[in-house]
Amino acid sequence: MQRSFLLYFLITLVGLLFIGRLFQLQIIKGGTYNPIRNAAVKTVFDYPERGYVYDRNGVLLVANQLSYDVMIQPNQVKELDTLEFCNLLKIDKEEFLKRYNKAEHYASYLPSVFLKQLAKEDFAFLQEKLHKYKGFDIQKRIIRKYPIKSAANVLGYISEVDERKAKNSDEYEQGELIGKAGVEKEYEEVLRGKKGKKYLQRNRFNKVTGSYKNKEFDTLPENGKDITLTLDIVLQEYAEKLMTGKRGGIVAIEPATGEILALVTAPSYDPNLLVGRQRSKNSILLFNDTIEKPAYDRALLAAYAPGSPFKMMNALIGLQEKVIDEETSFLCYHGYRYGRSANEFMGCHCGIVGRPIHLKTAISKSCNSYFSNTYKRIVEMNNNPKEGVDNWNKHVSSFGLGNYLGYDLPAGQKGFIPTGKYYADHYKYTWNGSTIISNAIGQGEVITTPIQLANFTAAIANKGSFFTPHIVKEINSQKITNPAFTIPKKTTIDTKYFTPVIEAMREVFISGTGRLSQVKGIDICGKTGTAENFIRVNGFKEQLADHSILVAFAPKDNPKIALAIFVENGGYGSTIAAPITSLLIEKYLHKSISKANKYREERMLTLSLQEIYNKQIPKSIEIASGTK
């Protein structure tokens, strides 16, 4: 009797354990069960259309095209004629084994890419014979194509997701594509959509017999969303042409919105080079070029001394702190002496000697002496240079300098605006405004990027406010509503102090350093600049040709465009940056270049600085641009 009870008890216990396990598998885990791990189930992905990309006027910039990948699932591979298979794929046996081992190491039960992006003719030929090779299949994918060979730095590119992300992500499988730079990376979740999945049941002969569990786990693909950029591709292409044979960056912004109209880095490349079977080969050439750096976005990443355009910042701070006004004047005797030795002299080419120079003339003629006196007053205002520099830093930072601007592109550089602590730590002895006088003219320790300087110019055009620069205008025809881009930011400078600075900037293109680059019918306000450029070789500084700089906006009233232009080793701002600026402004506002300015256009389109670049000391040197 006791034995019978024990037997019944054990049978009941085992039965309850089985029931519990079935409950756990079918009820508790059933909702999250992943059939892809079942060897009897074949998974077929249905890839969505990646979102298209347009410019602000509806011009198509990025579209899609079909590609064909050979997929492998190692645990399904049977004995095969390796030589024949290699001939079909145009690879050798060594390459075959390398790819097979990589797939097996990744996950033997998961499909992964064996050979990507077959040519259409190879796909058609292989498809007829693929049934002979178990464990191999063809997967259609969507890859990009670029109807216009421009704006590669803005658009970015897509490439294969890395192995670690594929293993740890529910969204990506090995071999799938993901945005790696530019808009493609920043807006990956918007553009990629959601892939569909079909699960097919296999029998013991590995033959598909129908849908798995009556399509219970199947999902439909969801196409990515289309994006409209703020970019004007006509202006972008024109700016890129003007920068042919030159190195540098151009940023154009619409002041009223912060929308980026053009974002140019030079040199650049055709975005189609990073599509297709040649992508890997081309990427090595582009990303390993440490001389021309075509994959380096100078508009966002290159940090330069801002040069003379920074004088307007010191003018605004001087007015705000009331250490100068419009009638304040200083004398200039070919420069500014800030010490007793012969070396402690900052030269000036304003051309006004021994006569009082007021603010308007100081900006239009770019007087170093005027702004050295102004900066010294700002820093030494309360006989405490550390506090003075911190107060100056507060004003400069309110324009977005010295930090990331928060725009919607993944690349960025903070630049540098020194603080009082920076100098107090650096100088172990007494220091004052004269010690750091190079900051007065945008040299010294001040470092900015082209997009920061363009944003600074837009803030002047708006008389004290700016919208964070951004590149996306609409998503699926819906205007962006992100408050980071739609709510203006205020600077620390009162509105009234911008008027005299703007009038002086207008004078630059009437009688000042930009007078030879005027455009009839357009009131351009701007400031030319020249930034010293040094290299460091074996611990010693050597000076190279200066960088050519110009910032501008137009028209003066109700401005539609603000720009910053850096041309590396271009010399004076008035010689290269100024004519390029006036051409871009005329092109954007008038849609064409007038006959009167055709010679200027031809000269800039054909001007090359390559001979100067070829003389530069090789890539092994340490660059110290803009330091004194």
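Here's a quick briefing on confidence, a few helices, some strand pairing and the cysteines in this structure. The model is predicted, with a chain mean pLDDT of 88 and 92% of residues at 70 or more. One stretch to treat with care is residues 619-628, where pLDDT stays under 50.

**Confidence**
- Across residues 619-628, the model still has 32 contacts beyond four places in sequence, although pLDDT stays under 50 there.

**Helix α14 and what packs on it**
- Helix α14 covers residues 368-379, twelve in total, and spans 16 Å from its first C-alpha to its last, close to the 16 Å expected at 1.5 Å a residue.
- This helix is mostly covered, with nine of its twelve residues buried.
- The buried ones are N368, S369, Y370, F371, S372, T374, Y375, I378 and V379.
- The cover over those buried residues includes helices α12 (311-320), α13 (359-365) and α15 (385-397), along with strands β13 (335-337) and β14 (345-347).

**S372, inside α14**
- S372 sits in helix α14 and has a relative accessible area of 0%, so it counts as buried.
- A polar atom of the S372 side chain lies 2.8 Å from the backbone oxygen of N368, and N368 is itself among the buried residues of α14.
- Setting aside neighbours within four places in sequence, S372 is in contact with Y336, M346, I437 and A440.

**G318, on the α12 side**
- G318 belongs to helix α12, and α12 is one of the elements covering the buried residues of α14.
- With a relative accessible area of 0%, G318 is buried.
- Leaving out neighbours within four places in sequence, G318 is in contact with V323, I324, T374 and I378; T374 and I378 are both on the buried list for α14.

**T457, in α17**
- T457 is located in helix α17, which runs over residues 450-461.
- T457 counts as buried because its relative accessibility is 0%.
- The T457 side chain has a polar atom 2.8 Å from the backbone oxygen of L453.
- Not counting residues up to four places away in sequence, T457 touches V551, A552, F553, A562 and L563.

**Strand pairing around β8**
- Strands β1 (residues 41-46) and β8 (residues 196-202) run antiparallel and are joined by six bridges.
- Within that pairing, V44 has K198 in β8 as its bridge partner.
- β8 also pairs with strand β9 (residues 208-211), again in the antiparallel sense, over three bridges.
- Here R202 is bridged to V208 in β9.

**Cysteines**
- The disulfide count comes to zero.
- C332 has its closest cysteine sulfur in C348, and at 3.9 Å that is too far for a bond.
- C332 counts as buried because its relative accessibility is 1%.
- C86 has a relative accessibility of 3%, so it counts as buried as well.

Note on methods
Residues numbered from 1 in each chain as written. Predicted model: local features only at pLDDT ≥ 70, side-chain atom pairs only at ≥ 80, totals over all residues. Heavy atoms only, no water. Helix = DSSP H or I, 4+ residues; strand = E, 2+ residues; numbered from the N terminus. Expected span 1.5 Å × (residues − 1). Buried < 20%, exposed > 50% of the residue type's maximum accessible area, 1.4 Å probe, protein only. Contact = heavy atoms within 4.5 Å. pLDDT = per-residue confidence, 0-100. Polar contact = N/O pair within 3.5 Å; in protein donor to acceptor, adjacent residues only side chain to side chain. Pairing = 2+ DSSP bridges. Disulfide = S-S within 2.5 Å.
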